[in-house]
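Student: Could we go through this structure together? I would like to begin with the sheet and then turn to the backbone.

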Amino acid sequence: QVQLVESGGGLVQPGGSLRLSCAASGSIFRIYVMGWYRQAPGKQRELVATITSGGMTNYADSVKGRFTISRDNAKNTGYLQMNSLKPEDTAVYYCNMVVTPIPSPGPQNYWGQGTQVTVSS
């Protein structure tokens, strides 16, 4: 019953900004970790950033200082603010959450549908 819906992708020029959102719906007891991953054509999916329920963050070296991950616990929503975008950031971006649903079989891993981010002049 838990679903993740992403939004905010699109086409942007180098140096521009985008803000991605990921909203979780359904019966949720706790969201332990929220994260963003990306996959470029011909490459494996890679981790971009994560944030724990306590607010601790982790970033890939390639985006550190340019991207900011955050979460709104009251809305069960995660965000990725992307600034100073480069062509190398072009990829499909996927939201991920580790969630304990209600009723609970234990923590479960959920993925969003993906949203395309294209950085080009």
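Tutor: A definition comes before the sheet: two strands pair if DSSP finds at least two bridges between them. Please note also that this is a predicted model.

Student: How many bridges join strand E3 to E8, then?

Tutor: Six bridges join E3, residues 18-25, to E8, and the two strands run antiparallel. Arg19 stands opposite Gln81 in E8.

Student: In which order do the four strands of the open sheet come?

Tutor: The order is E1-E3-E8-E7, with antiparallel pairing. Strands E1 (3-7) and E7 are the edge strands, each pairing on one side only. From one strand to the next, the twist averages 15 degrees.

Student: Changing topic, where is Asn76 found?

Tutor: Asn76 is in the loop between strand E7 (67-72) and strand E8 (77-82). Its phi is near 50 degrees, a positive value in a residue other than glycine. Most residues other than glycine have a negative phi.

Student: And what is Asn76 in contact with, leaving aside its neighbours within four places in sequence?

Tutor: The contacts of Asn76 include Cys22, Ala23, Ala24 and Met97. Ser25 is 51 residues from Asn76 in sequence, yet their C-alpha atoms are 7.5 Å apart in space.

Student: Why does Asn76 count as partly exposed?

Tutor: Because its relative accessible area is 24%, and partly exposed lies between under 20% for buried and over 50% for exposed.

Student: Which peptide bond is cis?

Tutor: The bond from Ile102 to Pro103 is cis, with omega near 0 degrees. Pro103 is in the loop between strand E9 (91-101) and strand E10 (108-111).

Definitions and conventions. Residues numbered from 1 in each chain as written. Predicted model: local features only at pLDDT ≥ 70, side-chain atom pairs only at ≥ 80, totals over all residues. Heavy atoms only, no water. Buried < 20%, exposed > 50% of the residue type's maximum accessible area, 1.4 Å probe, protein only. Contact = heavy atoms within 4.5 Å. Axes fitted to C-alpha atoms, helices over the stretch in contact; angles between N-to-C directions.
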